[in-house]
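Me: I am new to this structure and would like a friendly tour. Could you take me through it in questions and answers?

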Amino acid sequence: MMGKGLQSTWRKFRKQWQLQIIALAGMTILFLFSYLPLFGIIIAFKNYSINMGFAGIFESEWVGLKWFREIFGFYRFGEILKNTLVLSILKLALSFPAPILLALLLSEMRCTWFKRLVQTVSYLPNFISWVLLYTIATAFLNTDTGIINEILVNLGLVNAPVPFLTSPDYFYGVSVFMAVWKNSGYWAIIFLAAIAGIDSQLYEAADIDGAGRLAKIWHITLPGIKASVITVLILSIGSLLGGGMGGSNFEQAYIFGNTFNNSASEILQTYSFKTGLSNGRFAYATAVDLIQSVISILLILISNWGAKKTTGEGIF
Amino acid sequence: MKKKTVQKMLSVILAAGLLLTGCGGKTDAGAEQKSDPEQASAGTEANEAEGEETGGEKTWSEDEIITLKLFCDEVWWPYDEWSGRIPDIVTEKFGIKFEVTVPSDVNQLNMMIASGDLGDLVCSGKFTRLSDSNICYSLDELAQEYNTDLNIHSVMRFVNTADDGKLYTQMVGYSPNSVLEGWDKVVYEQAGMVIRTDIYEELGSPALNNLDDFTNLLQSVKENYPDIVPFAYNYSFTNDYIKILCGATPDEEGFVDVDGKAVPFIMDPGLERYYELMNDWYRKGYMTDENFAWTGTEDEELMISGKLFADSFYSNSEDLTNPKLEQAGADFRVQLVVDMTRGQEGAHWTQGTAGWRGLFIPRSCKDPERVLEFCKWAWSDEGQELLLWGEEGVDWNWDEDHSYPILNYDFEAPNAEDGVKYWGWMCHDGKANVLPGYGNGGSTYDARVALTEICDANPVMGMLRMGADSNEQVIMDNLKDLYMNESTNIITAKSAEECKEKYEAMLEAARNMGADQLTEWANEKYGTLKAEYDKIKDNKE
């Protein structure tokens, strides 16, 4: 015999069955393509070879933590992990406040057409792929023909062209700058939407009280978008190692990386890609990725806990 | 009521649509994963019918012709369609058309292996990965099943036999001694280097007999043409020409013979001289930093734009680059440096390959019988000549002594519309690809003659193949990675001392990564294989 609550849920479900079917289809896709493949993680603990095909996932022998031991013993593991963390943290540290600042500046603009122009122009780089961006970067930063280098040399600011795209010393800087430039406009839209949702009466009351622009930003706008800021921050920290708000670390490191700057540009994802796909070591690459996933989950839990502690808000 | 019915139908359609959108691609791929029994059976029936025989040659009607999937595992493969006069002749002969796939990146084959769908024929250099009876048919297995004689030379059989004792392919570019003996025009293909003729002449055409001469020339270019980059090397050919001049191995994987012992390529002592020289050139500003970041044909682009003097590329570079310069309207041309390998002391290289790519018949092949027949023919002289050179009497003729083909087109720039030359790259031996150069009139052949003079052939080195997922292969992959990364650091070191230190650090790292273990493994095999090879190397058939 069904409980009263269950009966009411069932009634509601029957009433909405057309909509539920659509939702079910979406969930089925989610299950098939996002959850079901997760079982493939087991190859991180097995002696799987691509020559075994799909059946090999089940038939290959268990090897415990063999691949993890190999990764931790790999002579470049420290360097690769350091690159992954430094690049991710730098990108978070600069990519996160940049769109908030941009949104605040845009919201304070009085000239509507200029505001729209800036918003559109800052949003456009989001649609440029990293491959194209590399070509643009080459045109600007190349040591032979790059415009920036020509300006620097002609102005006498440097004696020789700066190897922005090849030297490991410049990799982090160029990557973070590119990421901020590419993605700030896109993320600013979310914060602009949050700012638009703030009750205008609060600003009117602040005007009556004699509050200046900065005071209104500090006491009304920022607290008003706090929930959005926290949500975006937690999501960014969760995808920190993947690049977070700064866009794909993998694409950036793979495209901007070369043998010259490899000591700075090799990150866990590119290493996993090279050993996994190029050398056909899927099991080993899965183990590398699994390490990264575990770190990401831990980061989400810690950041959510931290956000709850300090602001009282979290995503779960 | 009507409204409800419409609602119900709409929901079902939407739900189905969503599912299909999500699953569509996979469903198709899934269906393709297995051989289509109907198609296979159609193929078999077609075979049984064996077409119409006209004067000993089978002819295939339109509905008997089957389309098979051919995967050419090289990202640079020039032809991506089975079309043109030469492919049409093959289609007529075997009733086969190929749907060609050229990978967009080097990882595609591994993904295909993992998915179990390799199509009907694979042309690849991944010998150990594909020489697996779970993935590909062995040739003897098919020959037995379809009652055909493969007629493979005993030395070819030996060098191409996989570790499981089976023969899966015949790799291209290698021929046994007895085959080459009858062809005195045969030379080895190897790297080369071109320089800009106009600048060279303006600088008084100084003699280029060795690396010192060439270094002096680069210095003159740097001093007299400050806007021109004196030297660059091509990404794919990794500066092999300069390595050879230094007596270093141009190979970036596998083993080299050092005093009769097989050692991993990275431990080749010749590399020290190479690094010293390159570091010297780098510090003198003959090369740009960007050269180390290139991943394609940027050197060629730099040359065409008029900003490069010397390009270390391949032995056919002059024949390849000059038509491009002409097309681009450039007022200069390039010329190969031919004689430097003759004058440079210690210049040397080993032809250590037992072939570099081969045709494999995967288990997913829909019609192994017809594909085997095609491969067998492609490996024959008749097949190689047609696929590589074109039609006898139309595209080429033998010289009077029957010692080389005289082509009526430029072999280094064949007409793509005819589909000539490059399909032959799937199946040629050690002579068919180089003989046309003799009569071609270009400098490619001269450069290859000079390179052949300083070459030793040792196919056994190429037989030291590590299992695809073995520990040895893992060590070798790590050594390759080490070499790729550290070579740049060594060459770009700030001083000669730092260059030496970094080189020694690389060797130390290689030992820590298992280079000595790999040496031990290789030498256990090397001695046995070499002894067996020496016994049969002069076999006539």
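This is a predicted model: local features need pLDDT of at least 70, side-chain atom pairs count only at pLDDT 80 or more; totals for chains, interfaces and linings use all residues.

Me: How many helices and strands does chain A have?

Reply: Helices (H or I, at least four residues) and strands (E, at least two) are DSSP runs, numbered from the N terminus. By that rule, chain A has 17 helices and zero strands.

Me: What is the radius of gyration of chain A, beside that of a compact globule?

Reply: The radius is taken over C-alpha atoms, and the globule rule is 2.2 Å times the number of residues to the power 0.38. Along its principal axes, the C-alpha trace of chain A spans about 85 × 75 × 35 Å. A compact globule of 316 residues would be near 20 Å, but chain A has 25 Å.

Me: How many of the 12 residues of α7(A) are buried?

Reply: Helix α7 of chain A covers residues 112-123 and reaches 16 Å from its first C-alpha to its last, close to the 16 Å expected (1.5 Å times one less than its number of residues). A residue is buried if 20 or more other C-beta atoms, placed from the backbone, lie within 10 Å of its own, exposed if 12 or fewer, and partly exposed in between. Helix α7(A) lies largely in the open, because the number of its residues that are buried is one.

Me: Which helix gives the most to the side of chain B that touches chain A?

Reply: Two residues are in contact if their C-beta atoms, placed from the backbone, lie within 7 Å. On this count 35 residues of chain B are in contact with 31 residues of chain A. Helices α1, α4, α21 and α22 of chain B each supply at least two residues of that side. With nine residues, the one that gives the most is α1(B).

Me: What is the strand order in the open sheet of four strands in chain B?

Reply: Two strands pair if DSSP finds at least two bridges between them. The edge strands are β7 and β11 of chain B, as each pairs on one side only. Over four bridges, β7(B) pairs with β10(B) in the parallel sense. Pairing in the sheet is mixed, and the order is β7-β10-β6-β11.

Me: Which residues form the covered face of strand β4 of chain B?

Reply: In a regular strand the side chains alternate between the two faces of the sheet. Strand β4(B) runs parallel to β3(B), joined by six bridges, and B:Val100 is the bridge partner of B:Leu70. The uncovered face of β4(B) holds B:Lys97, B:Glu99 and B:Thr101, and the covered one B:Ile96, B:Phe98 and B:Val100.

Me: Is B:Lys421 buried or exposed?

Reply: B:Lys421 lies in the loop between β15 and α18 of chain B. Its phi is near 80°, a positive value in a residue other than glycine. B:Lys421 has 26 C-beta neighbours inside 10 Å, so it counts as buried.

Me: How does B:Thr238 count, with 17 C-beta neighbours inside 10 Å?

Reply: The place of B:Thr238 is in the loop between β7 and α11 of chain B. B:Thr238 has a positive phi of about 40°, although it is not a glycine. With those 17 neighbours, B:Thr238 counts as partly exposed.

Conventions:
Residues are numbered from 1 along each chain as its sequence is written. Chains are lettered from A and ligands numbered from 1 in the order in which they are written.
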